[in-house]
Amino acid sequence: MLSKLLKYEIKATGRIFLPLFLALLTFAGITRFIYSIGPEKWDAPASISMAIYIIIMVGMFVMTFIMMIQRFYKNLLSDEGYLMLTLPVKPWKHIFSKLLVSMLWMITSGIVALISIFIITLEKGDITKITVGLASFYDEAFAPLGASMYLFSFEIIIGVLITLASGILILYASIALGHLFSKHKMLASFGAFIVLSTLSQILFQFISLIPGMDSFANIHISSNDFIGMQHAIQWAMALGIIFTGLLCAAYFAVTNFILSKRLNLE
């Protein structure tokens, strides 16, 4: 059933995001074409095309954020929630499906934005220069790390994903907590977000007081001592992933508990 929820969520949101992605790449191509034939001859069209491109770029990220909140609130906490929550699906699957799809569109938006920037800015031979530069960077910075390079890269990817998930889940938990109030639910959600963020910071400060933890918090990385400090850096990243993972679990548990036991759609 989770796969059906994911398919439904992707289909419902894709109708909005796919045209946005296409529009962004189209105006990136138009802007590149105008600048390639000489912007001095097409000053007004070049300016208009670039302005539209920037508007679409900003709108894409704003829409990603709005859709993330709107899909969760509308599907589970508004009148539509009566229908969604009567399905033979546990609430955690609804939360999980919306989390995965929100992460999917956020990552895809970033990739599409990067591609559009490349379309506008890259000149002939730039791809070769970037490839050579990355290969050189690998030889100088990562090759000496040996097999631990793959662990380090894996930690970076996991860290980015779990941080993204944490940012989404704290919003879900805040909205769910705000919905417990009979009035001013949006204001209560905003207050819940501030409280959860503050508690997370307090918890982090308490953890940093544990003997030995302060050394990880005060790590300063430079190109000269990166290899020598790789184990400390990897341990710090691992601890950060664990801490963020615990926050994700807490936000998820709060949201799931409210949807399962305390939900009031009136």
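**From a surface patch to a buried network**

F65 lies in helix α2, which spans residues 43-77, where a helix (H or I, at least four residues) or a strand (E, at least two) is a DSSP run, numbered from the N terminus. This is a predicted model, in which local features need pLDDT of at least 70 and side-chain atom pairs count only at pLDDT 80 or more, whereas totals for chains, interfaces and linings use all residues. Residues are numbered from 1 along each chain as its sequence is written, and side-chain values use heavy atoms, with hydrogens and water left out. The chain has nine helices and zero strands, and buried residues make up 35% of its 266 residues; buried means under 20% relative accessible area, exposed over 50%, and partly exposed in between (1.4 Å probe, protein chains only).

F65 counts as partly exposed because its relative accessibility is 42%. Together with I54, V58, V62 and I66, F65 forms a nonpolar patch on the surface, with about 430 Å² of accessible area in total. Such patches are made of residues with over 30% relative accessible area and no salt bridge, with like charges joined within 9 Å and nonpolar side chains (Val, Leu, Ile, Met, Phe, Trp, Tyr) within 5 Å, and the areas come from the Shrake-Rupley method with a 1.4 Å probe, for which only the protein chains shown count as cover for residues.

F65 also lines the second largest pocket, along with I69, L171, S174, I175, M186, S189, F190 and F193. On a 1 Å grid over the protein atoms alone, a pocket is an open set of points with protein on both sides within 12 Å along at least five of seven lines, a cavity is a set where a 1.4 Å probe fits but cannot get out, and lining residues have an atom within 4 Å of a point. The volume of this pocket is about 160 Å³, a volume being the space filled by probe spheres set on the points, which are joined across faces, edges and corners. Helices α2, α6 (148-178) and α7 (185-208) each supply at least two lining residues, and α7 gives the most, with four. The lining divides into seven nonpolar, two polar and no charged residues, where Ala, Val, Leu, Ile, Met, Phe, Trp, Tyr, Cys and Pro count as nonpolar, Asp, Glu, Lys and Arg as charged, and the others, Gly among them, as polar.

What links E9, R71 and K98? These residues are joined in a network of salt bridges, a salt bridge being a side-chain nitrogen of Lys or Arg within 4 Å of a carboxyl oxygen of Asp or Glu. E9 forms a salt bridge with R71, the closest N and O atoms being 2.9 Å apart; this pair links distant parts of the chain, with E9 in helix α1 (residues 2-36) and R71 in helix α2, 62 residues apart. E9 also forms a salt bridge with K98, again with the closest N and O atoms 2.9 Å apart, and since K98 lies in helix α4 (residues 91-121), this pair ties together parts that are 89 residues apart in sequence. E9 counts as buried because its relative accessibility is 4%, and R71 is buried at 12%.

The residues E9, R71 and K98 are also among those that line the largest cavity, together with others including T13, F17 and W105. Helices α1, α2 and α4 are the elements that give two or more residues to this lining. About 90 Å³ of space lies in the largest cavity, and its lining residues divide into six nonpolar, three polar and three charged.
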